[in-house]
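The sequence and the model are shown first.

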Amino acid sequence: MSGLWQPVCFTYFLADAAYGQCRTLRAWLEERQVRYVLAVPKDEVLPLPDGRTRQARELYVLVPEDALERRSCADGAKGQYDWASVHFAPTADDFERHLLIRRSTVPNKKDKKSGQLVREVAYFLCHTHPDATLAELVTAAGQRWMVEEAFQAAKSAGRHGRARGPQMVLVVPAHHRVHARHGLPGRRPEPPHTRPTDGIRPRA
């Protein structure tokens with residue numbers, strides 16, 4: 001049985017908002033110094049360095065237009081988007097948190113209030129090393145779409161019969177090792193917010 005428990009090698013832990021909004025999971029990953037890029041909903045409440053909190057969509061409004069950079073997620077991903085990264089502050093063990101913002105290049109989503117087409121905006125909470133670039137975070141965010149599309153293609157070909165659900169993937173090659181026997185966190189009280197010490201700044 002010991003042969004079943006092998007280290008799982010990956011660079012980033014990626015997941016959609018169904019997992020990304022779970023603070024217990026985020027705390028579990030941070031405690032183990034695992035880098036992640038997790039989708040979060042627009043109303044996700046995030047702690048600021050000064051102790052206040054802001055929703056992800058409120059932080060997007062504060063990002064200057066010239067801080068957004070047009071990039072492609074990856075070859076074969078869902079085209080180009082405008083991206084920006086809002087840096088929070090260093091966390092434990094010289095890691096940092098960022099809010100990665102992705103905006104469509106053209107109006108493609110109907111606003112529920114006005115009925116007009118607007119640009120779709122998505123949000124990703126990131127935990128990574130200070131030297132991580134915007135390009136690296138964008139590529140990591142794009143990897144989840146590529147894996148999900150591969151799953152959907154396989155299902156369409158009749159190799160998988162399961163319905164689509166929340167996506168959680170580990171991407172290789174690795175800079176971190178997480179032992180499979182550690183498992184994932186169970187249901188337990190959410191840890192308090194970690195409040196960084198320095199200022200918030202947009203970074204493209």
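**Note on the predicted model**

1. In helix H2, the buried residues are Thr24, Leu25, Arg26, Ala27, Trp28, Leu29 and Glu30. Buried denotes under 20% relative accessible area, exposed over 50%, and partly exposed the range in between, with a 1.4 Å probe and protein chains only. Helix H2 spans residues 23-31, and because seven of its nine residues are buried, it is largely enclosed by the rest of the structure. Helices (H or I, at least four residues) and strands (E, at least two) are DSSP runs, numbered from the N terminus.

2. On provenance, the model is predicted: local features need pLDDT of at least 70, side-chain atom pairs count only at pLDDT 80 or more, and totals for chains, interfaces and linings use all residues. Residues are numbered from 1 along each chain as its sequence is written, and side-chain values use heavy atoms, with hydrogens and water left out.

3. The chain comprises four helices and 14 strands. Of its 204 residues, 39% are buried. Among contacts (heavy atoms within 4.5 Å) with a separation of 6 or more, 61% join residues 24 or more positions apart.

4. A nonpolar core is here a set of buried Ala, Val, Leu, Ile, Met, Phe, Trp, Tyr and Cys residues joined through side-chain atoms within 4.5 Å. The largest has 24 residues, and Phe13, Leu29, Leu46, Phe88 and Leu99 touch the most other members. Two or more residues each come from strand E2 (13-15), H2, strand E3 (36-40), helix H3 (56-62), strand E7 (80-90), strand E8 (96-104) and strand E11 (121-128). Another core, of 17 residues, lies apart from it and includes Leu14, Cys73, Ala132 and Leu134.

5. Phenylalanine 124 is located in strand E11 and is buried, at a relative accessible area of 4%. Leaving aside residues up to four places away in sequence, phenylalanine 124 touches Val37, Leu38, Ala39, Val40, Trp83, His98, Leu99, Leu100, Arg102 and Ala141. Its C-alpha atom is 9.4 Å from that of leucine 137, 13 residues apart along the chain.

6. The largest pocket has a volume of about 720 Å³. Pockets are found on a 1 Å grid over the protein atoms alone, as open sets of points where a 1.4 Å probe fits, with protein on both sides within 12 Å along at least five of seven lines; lining residues have an atom within 4 Å of a point. Points are joined across faces, edges and corners, and the volume is the space filled by probe spheres set on them.

7. Of the 23 residues lining the largest pocket, Lys42, Lys109, Glu120, Val121 and Tyr123 lie nearest its centre. E3, H3, strand E9 (109-110), E11 and helix H4 (134-156) each give two or more residues to this lining, and E11 gives the most, with four. By class, the lining has twelve nonpolar, no polar and eleven charged residues.

8. Glutamine 33, in the loop between H2 and E3, has a positive phi of about 55° and is partly exposed at 33% relative accessible area. Aspartate 94, in the loop between E7 and E8, has a positive phi of about 65° and is exposed at 62%.

9. The search of the whole structure returns zero disulfides, a disulfide being a pair of cysteine sulfur atoms within 2.5 Å. Cysteine 22 is partly exposed at 30% relative accessible area, whereas cysteine 126 is buried at 0%.

Conventions. Nonpolar A, V, L, I, M, F, W, Y, C, P; charged D, E, K, R; others polar.
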